[in-house]
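Open the model in your viewer and keep the selection panel at hand. The tour below goes stop by stop.

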Amino acid sequence: MSEETSVNNGVNVAALLEAREALTQTPEAALFKWRASCNWENGTHSSSTVESFFGLGEEQKHVREFTFDADHPEVFASADKGATPVEMVLVGLASCLTAGIASVAQHRDIQLNSVKATIEAPMDIQGILGIDSDVRNGFEGVTVKYEIDADASQEDIEALVAQSQKRSAVFDIVTNPTNVTVEVNSTG
Amino acid sequence: MTGPSDGQASGTVDTIVIGAGHTGLAISHCLSERSIEHVILERGEIANSWRHERWDSLTLLTPNWQSRLPGYAYSGDDPDGFMAMPDVIGFIDAYAALCEAPVHAQTTVTSLRCHSGAYTVATDKGDWHSRSVVVASGACNLASVPKVCDSVPKDIDTVTPHDYRNPGQLRDGKVLVVGASATGLQLADEIHRSGRSVTIAVGEHVRMPRTYRGRDIQWWMHAAGVLDEGLDDVDDINRARNLPSPQLVGSHDKQILDLNAMTGAGMKLVGRLMGFQDGIAQFSGSLKNVCALADLKMRRLLDTIDEWSAVSPGAATFEPPERFERTRVDAAPCLVLDLRDEGFETVLFATGYRPDYSWLDIPVLDRKGKIRHDEGVITVPGLYVIGLPFLRRRKSSFIHGTEDDARYITGHLESFLSSQDSQ
């Protein structure tokens, strides 16, 4: 076995490259639809599940249904039965970037030993409380800090992280505007 | 001359070359060397795009010593200078005269068809027939403008480098320049110097110093073999072909044209222009990352140069390696701008060019409207293209890259014609 193939971050790059090649030939199969359903429990507590999605031209399923409880902490007079939705956004961003780092590292033959991200996002809640209309509801900014131990130079590691941002769906979702349509079907 | 006389408006030849820019003329030169009868059909004049479709201050990104075409090279007394447009036009005019190129000027191709190996090129002057065609109509015929252009508030002017000539044609208000490639930064710089306030929307870009270790960056890239890199030397040829032009300008003072120079002069940077909501421009929050990507990529280029120079015969004569300051980006770059409230009167879309193939009636375009080809050879036998970015090598985008490509393509074309003859 050559030195290059001994790098193992647990990412099947060959399969990813094969998929990339196949989807270049059949771009319509690259159209995915991601879904989640959310059910109100009580107070600010809700329970969301993900299971099905659409891709490669047909319905797909995760190996099982995943459930996520969301709530607000006690300082908001809530029951704190789960992470806040804004924390879930941070989780989404950090896990998307981290998955990207592993994939790019595998592709570039860089062995990762450990990757740890801490993410912080300041928010002035005068926005969501409607105290000051000049304050936006969302984050004022997001800072992700990576600590990476890998068999590579500082520069190569920086390049991994930069490339991961360039290819990240959640980075794009957070940094760029998206049209959101909310429809209501009343059954009262 | 190896073709019918200029007065003839139709006829049959072995090869038709579409376009009398530097690539079409280079092809003509190589065809003449091989005694292949051909004509060049040109919608306007020789070097028409350089002559009529570029801004006044444009200079080549390559120094004069790199200005060469098959059988022809710059011979002036300023090899390290950069040609302005009148120089480029003179250079190409002189080449056409030297080659006695069979150019049919003011002849616009309206259609290119192929039936059972026979090509018909319809023009506004008459029809030509041939066994082979070389498309040399250029990569920069039309301004490539993103959809977001349609959402610019109506009372703000939108301009592209295709119609821009100089700052004097712009209103006096602030200008948003969209795009940070060579074009975007060159135009931002001269518009800023005209006294207008300039903001630049920055997406992915290629950063490059004009001079490095005392020599022009083009000298290094040439010497270290970067410009000779071919299809097998890059991971993803599509990405290499779609790279924005490097942040360079050909000026006598060897000006470094990077984002730090722009902000140092007082211009503002925002992220990529993503859209408008209620007339308010929205910019991507990815500015820091696109700058980090460009900084890292420039460092890799300089590393490549340093590695080459360390083992090259001239190693002792080079100045020591340099590293450049990272791109300075505000801690929290502006994400939204009410262009009207802020006094913007112009949005300049320096977002690239694309070829015009509206006359091409042979199904050889991919879904992005680009010609499918393998090093200039199109799957339809006898059909070729030249003058596209990274056609065969990184240098294909530059004038000096034309020779290799033209020789390769005309060699292939000659074999094709003789294989037909022997059948």
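**Whole model.** Start with everything displayed. This is a predicted model. Its scores are ipTM 0.85 and pTM 0.92.

**Chain B, confidence.** Select chain B and colour by pLDDT. The average is 95, and 99% of the residues score at least 70.

**Chain B, overall form.** Switch to the C-alpha trace. Along its principal axes, chain B spans about 70 × 60 × 40 Å. The radius of gyration is 23 Å; a compact globule of 423 residues would have one near 22 Å, so the two agree.

**Chain B, inside.** Now show the cartoon. Chain B holds nine helices and 21 strands. Buried residues make up 45% of its 423.

**Chain A, the strand pair.** Move to chain A and select residues 45-55, strand E2. E2(A) and E3(A) run antiparallel, joined by nine bridges.

**Chain A, the turn.** E2(A) and E3(A) form a hairpin, with two residues between them. Pick A:Leu56 in the turn: its phi is positive, about 55°. Then pick A:Gly55, which stands opposite A:Glu58 in E3(A).

Show the side chains last. In a regular strand, side chains alternate between the two faces of the sheet.

Methods:
Residues numbered from 1 in each chain as written. Chains lettered and ligands numbered in written order. Predicted model: local features only at pLDDT ≥ 70, side-chain atom pairs only at ≥ 80, totals over all residues. Pairing = 2+ DSSP bridges. Helix = DSSP H or I, 4+ residues; strand = E, 2+ residues; numbered from the N terminus. Rg over C-alpha atoms; globule rule 2.2 N^0.38 Å. Buried ≥ 20, exposed ≤ 12 C-beta atoms within 10 Å, placed from the backbone. pLDDT = per-residue confidence, 0-100.
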